[in-house]
Amino acid sequence: MIKKVVSTIFLVILISSLTSCKSDGKTQTRYEAEFLLLFDTATRIVGYADSEEEFTEYAQNVYDNLKEYHELYDIYNDYEGINNIKTINDNAGIAPVKVDEKIIDLLKFAIEEYKVTDGKTNIAFGSVLKIWHEYRNNGVEDPKNAKLPSIDELKIANEHTNIEDIIINEDESTVFLKDSEMSLDVGAIAKGYAAGEVSKIVKEAGLTSGLLSVGGNVIAISNNISTGEDWNVGVQNPDINSQESILKIVTLKDKSLVTSGNYERYYTVDGKKYNHIINSETLFPSEYFASVSIICDDSGKADSLSTAIFSMPYEEGIEIINNISNTEAMWVFSDKTIKYSENFELLIKE
């Protein structure tokens, strides 16, 4: 069985061993694994295990479960025998769709986050995001003819973003979108939520010291047993032209770090960059900051908050952060000014 798992996983990941350490009298080795494709990004796993076979099973466990979440939360593709978010969107205004409990759990979590973030994290914002996605893709493929959507087009789409039009029937395990013109987009929350759920699964499977990074959404499982200290994790420098790719090193133990920035998934129109995080009030890309990093206990919440806080003035963001326990934030402004929540600097490694 192990040989089968190993042969399968080597098709999708690269495993390497680096150092060894002692834990409870046993020698454990540090391994790393990486694979691509899921959630349209790279996933990296670092952890300690007694053997390569043991770590390979952890990595396979992560891959298998992340793949399931990826297919369920996909808004662009169909999968045989699976009703996913795309299926719900395809049936907007037509009929309820019977779905896996993992979808209902995500939607319920997202609705709570909508309330916490004063509507800034809105999974019902799909009709507007779909327009920007199309213009961005066209602009990336044909930069000379890159264009912006008109405000009138965006305002019409914005009339179909009422989160209360998501009807969840937990008894029937169905989801129905009342508005036939609306669509769900879980991009601001799904990756972090799924990564958090998968980290719990692999931890229950026995991984006691590790880091899971899904496209930069980082989760620290316990501490680094080789040093006895918290894990060191780099925060991406939003200035991609800088020679210093890491802005700060933070220390994490059983916490998540998520950063939203203007340096990824953007396109350029008439010399100006337009990022992918859309302000729900202006309907245009948010321009308050270069990046916002969130550290908290829950990966899904960190993902949600990083998007929401990026889309509001600092004064509003700090008020929200101060009202959520065990949650810290770092704001990087376009002029490179940095501001922190009360205890963020305590997590920075000098």
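The structure is a predicted model, and the protein chain in it has 9 helices and 16 strands. Its radius of gyration is 21 Å, close to the 20 Å that the globule rule gives for 350 residues, so the chain is as compact as a globular protein of that length.

**Overall build**

- Taken along its principal axes, the C-alpha trace of the protein chain spans about 65 × 50 × 45 Å.
- Of the 350 residues in the protein chain, 51% are buried.
- The accessible surface of the protein chain comes to about 17200 Å², and carbon and sulfur atoms account for 46% of that surface.
- When contacts between residues at least 6 apart in sequence are considered, 58% of them join residues that are at least 24 apart.

**The packing of α2 and α4**

- Two packed helices are described by the angle between their axes and the distance between the axes.
- Helix α2, which covers residues 52-73, packs with helix α4, which covers residues 101-116, at an angle of about 70° and with the two axes 10 Å apart.
- Because angles of 65 to 115 degrees count as roughly perpendicular, α2 is described as roughly perpendicular to α4.
- On the α2 side the contact is made by E68, Y69, L72 and Y73, while α4 contributes K102, I103 and L106.
- Sorted by class, the contact of α2 with α4 has 5 nonpolar residues and 2 charged residues, with no polar residues.

**Two residues with positive phi**

- Most residues other than glycine have a negative phi.
- S222 has a phi near 55°, which is a positive value in a residue other than glycine, and its place is in the loop between β8 (217-221) and β9 (231-236).
- The relative accessibility of S222 is 19%, and because buried means under 20%, S222 counts as buried.
- L283 also has a positive phi, near 70°, and is likewise a residue other than glycine; it lies in the loop between β13 (272-274) and β14 (291-296).
- With a relative accessible area of 4%, L283 is buried.

**A33 in strand β2**

- A33 is found in strand β2, which runs over residues 26-35, and at 0% relative accessibility this residue counts as buried.
- Although A33 and A59 are 26 residues apart in sequence, their C-alpha atoms are 6.9 Å apart in space.

**H133 in helix α5**

- H133 is found in helix α5, made up of residues 126-141, and with a relative accessibility of 25% it counts as partly exposed.
- H133 and K155 are 22 residues apart along the chain, and a distance of 16 Å separates their C-alpha atoms.

- T208 is found in the loop between α7 (190-204) and β7 (210-214), where its relative accessibility of 48% makes it count as partly exposed.
- The C-alpha atoms of T208 and A49 are separated by 8.6 Å, even though the two residues are 159 residues apart along the chain.
- If its neighbours within four places in sequence are left aside, T208 is in contact with I221 and S222, and S222 is the residue described above with a phi near 55°.

Methods:
Residues numbered from 1 in each chain as written. Predicted model: local features only at pLDDT ≥ 70, side-chain atom pairs only at ≥ 80, totals over all residues. Heavy atoms only, no water. Axes fitted to C-alpha atoms, helices over the stretch in contact; angles between N-to-C directions. Helix = DSSP H or I, 4+ residues; strand = E, 2+ residues; numbered from the N terminus. Parallel < 35°, antiparallel > 145°, perpendicular 65-115°, else oblique. Contact = heavy atoms within 4.5 Å. Nonpolar A, V, L, I, M, F, W, Y, C, P; charged D, E, K, R; others polar. Rg over C-alpha atoms; globule rule 2.2 N^0.38 Å. Buried < 20%, exposed > 50% of the residue type's maximum accessible area, 1.4 Å probe, protein only. Areas by Shrake-Rupley, 256 points an atom, 1.4 Å probe, with all protein chains shown as cover.
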